Each structure stands twice: as structure tokens, then as C-alpha cells.
2 protein chains.
Amino acid sequence: MAAPLSKHDVFQAIADPTRRELLHLLSDREMPVTVISSHFPMSRTAVSKHLRVLSEAGLVKERKVGREVRFRLEPEPLQELKSWLTYFERYWENKLAALKRIVEADPEGSSDASGIAPPRQRLVAAADPAERTEPR
Amino acid sequence: MAAPLSKHDVFQAIADPTRRELLHLLSDREMPVTVISSHFPMSRTAVSKHLRVLSEAGLVKERKVGREVRFRLEPEPLQELKSWLTYFERYWENKLAALKRIVEADPEGSSDASGIAPPRQRLVAAADPAERTEPR
DNA sequence: TTGACATGAAACCAAAAGGTTTCGTAATAT
DNA sequence: ATATTACGAAACCTTTTGGTTTCATGTCAA
């Protein structure tokens, strides 16, 4: 349970398209920096910096082989992203379910196949026509 | 197939911790800007800017009510993130996943709008025990 | 009306991000 | 030995980001 209090977190690491491409590239196999950078329209140094950001986020690991340094994907930290997403999943599933009910005009309308607790999101507006927020 | 070629994508939108907190806050119910900003240690204007970034990524929707503007969560765009993650899930789920993938040898992937390139598959690793990369 | 409230636009600023080129150093090849 | 290759560190530059304060405008309350 080492706290990864490093400078870059997973969310920030994957924000850049180049870095996402790097992850895909490295998911295939491990590669040295020069080979990696040959896939990108920027300097090797720039790619190297991106690799460092990924490394600080724990998303890649490096290993020295002779004079080269090979990088490989380390997917585990992506789980944080996944669990973060899980929280919101029920919201869109709920919305989709609601839409489905409307479209199908199902008179019963309460079939939720996911078994996930429904969020307390108001799908309909308040009844008050003025809709004051803070009556003072 | 509306191409979401706006300035901010989902990946970038959720990179900022404040914006992630905003999404959580708004997942509960819709809120006007002033109320939202009271939850954050920064100016209302700053929060407003974050809301705009989220809006450009399609993650929140606004609605005018009297003199206030209420924001609410719009979770659908997060599905892009989820499907992006799905690709990597196989890698972390168990160590045999990579092998399995090689065996199955999925012939073609399709690139999407998020800068993701399909990995070029090489089924055989270098045989040289010295592990030279570029024999010249 | 007049004043208070809710909000966005604008101008501004410091720091971070993303890139470059140059250089030093370790490992390999000849 | 000597040249070549692989790489990171450093210095530098430009653009973006995340924040601020100030101001204008629309809406509501008295």
C-alpha cells in the first residue's frame, strides 16, 4: 500500500493523446526509446519526457538492456480509473434505462437489468414554476 | 456519428481534480453556479471556467432558470473512457492475458477519434540472446 | 425605480506543459 | 583505440492552464 504521491497521477497521464498512443504501442511489447520515438512525429527527447510522465504515474516500467532502456506497459494503475468510472456508470445506465422505458412505452417500466441501486438524480424538473433556489 | 471535434475531450476534462470533484457534486443534483462554487476554495469565475471545460467535453449541461444557470451531470461521454479502458483490461486481469491475445491474434483493430492507434503486432520476439535491436 | 443578486466576458498573470536543440556519458561495434 | 549508438540532463522557448480582479448585463425584490 505504497502511497503513490508522485507528481503525476493516472488521470493526468492519460490526458495527452501522445501518451495514450504510447500506452497502446507498449501494450504490444516492450521497446527501447529510439524505436518508440520512431513512431511519433516529435523528437526522441520529447517522447522520453512523455515516457517519464507515464512512469511517474506507474503506467510503464523500464528495464536496462545493454545501452538501451526498454519500456513496457504496466496496466495496473488503470484500475483506479476504472473504479472512478464505476461510480458514474450507474448514472448513464439509469439514464439509458429511463430512455428505453420511454421509447418502448413499457407500462410497467421498472425493469432494471443491472441490479444497481438507482441514483437520486432528478430526471424531471421541480413543480414550482418559479423554481426559486434560496427564498429570502 | 457526430464528430465531437470540440476543443476539450473527455480525457483532458477529467484530468483536473477540481473538475472531477465537480462531476461528483453534480451527479447528485443540478445546481446553480454560485452554489457550486461555494464548495470550492477558489473564485466563482474559476469554477465557471471549469464548468465550461466540462461543458465542451459534453460532461455537463446547463439550463437557465430565472437569473441563475443550473448545471447537471451528463455522464454519457464517459463511455468513451470506458471503452478505452476495456482495451487494457485484458492486460491487468491476469498475466496470461497477453499470451492469450497473441494466440488469438486479433487481425484488425479500428482507430477512433481519441488518438488511439492499433498496436502493430509482432508475434515473434527477437531470438538473439544478446537482444540486439538494430543489427547494422 | 432602485438596489441587490447571478453570471459571463475581459484583461491580466504565474506556473506548468509540451516541445526544441545542445551536450555529456555509458555501452557497443570496428 | 576510436567512432557510433542510445539515452538522459539542461537550458531554453512558446502555448496552455488555472487562477485572479474588474466590469457589464440581465433578473429579481422592495
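Of the atoms of DNA strand D that come within 4 Å of the protein, 62% belong to sugar or phosphate, and the rest belong to bases. For DNA strand C, sugar and phosphate account for 63% of such atoms.

**Surroundings of DNA strand D**

- DNA strand D is surrounded by 25 residues, and the closest are A:T34, A:S48, B:Q12, B:K49 and B:H50.
- By class, the surface near DNA strand D holds five nonpolar, eight polar and 12 charged residues.
- At least two residues of this surface come from each of α3 (33-37), α4 (44-56) and β3 (68-73) of chain A, and from α4 (44-56) of chain B.
- Helix α4(A) supplies the largest share of the surface near DNA strand D, namely five residues.
- An N or O atom in the side chain of B:Q12 is 2.3 Å from a phosphate oxygen of DNA strand D.

**Surroundings of DNA strand C**

- DNA strand C is surrounded by 25 residues, of which the closest are A:Q12, A:K49, A:H50, B:T34 and B:R44.
- The surface near DNA strand C divides into five nonpolar, eight polar and 12 charged residues.
- At A:Q12, an N or O atom of the side chain lies 2.5 Å from a phosphate oxygen of DNA strand C.
- A polar side-chain atom of B:S48 is 2.6 Å from a phosphate oxygen of DNA strand C.
- The side chain of B:R44 has an N or O atom 3.2 Å from a base nitrogen of DNA strand C.
- Two or more residues of the surface near DNA strand C come from each of α4 of chain A and α3 (33-37), α4 and β3 (68-73) of chain B.
- Helix α4(B) gives the largest share of that surface, five residues.

**A buried residue in chain A**

- A:S37 is located in helix α3 of chain A.
- The relative accessibility of A:S37 is 10%, so this residue counts as buried, the cut-off being under 20%.
- Leaving aside residues up to four places away in sequence, A:S37 touches A:M42, A:R44 and A:V47.

**The sheet of chain B**

- Chain B has an open sheet of three strands in the order β1-β3-β2, with antiparallel pairing.
- β1 (31-32) and β2 (60-65) of chain B stand at the edges with a single partner strand each, so one side of each has no neighbour in the sheet.
- The antiparallel strands β1(B) and β3(B) are joined by two bridges.
- B:M31 stands opposite B:F71, which belongs to β3(B).

**Confidence in chain A**

- Chain A has a mean pLDDT of 79, and 64% of its residues reach 70 or more.
- Residues 1-5 of chain A have pLDDT below 50, and this stretch has zero contacts in the model beyond near neighbours in sequence.
- Residues 108-118 of chain A also stay under 50, and the model gives them eight contacts beyond four places in sequence.
- Where pLDDT is low, the predicted coordinates should not be read in detail.

Note on methods
Residues numbered from 1 in each chain as written. Chains lettered and ligands numbered in written order. Predicted model: local features only at pLDDT ≥ 70, side-chain atom pairs only at ≥ 80, totals over all residues. Heavy atoms only, no water. Near = heavy atom within 4 Å. Polar contact = N/O pair within 3.5 Å; in protein donor to acceptor, adjacent residues only side chain to side chain. Helix = DSSP H or I, 4+ residues; strand = E, 2+ residues; numbered from the N terminus. Nonpolar A, V, L, I, M, F, W, Y, C, P; charged D, E, K, R; others polar. pLDDT = per-residue confidence, 0-100. Contact = heavy atoms within 4.5 Å. Buried < 20%, exposed > 50% of the residue type's maximum accessible area, 1.4 Å probe, protein only. Pairing = 2+ DSSP bridges.
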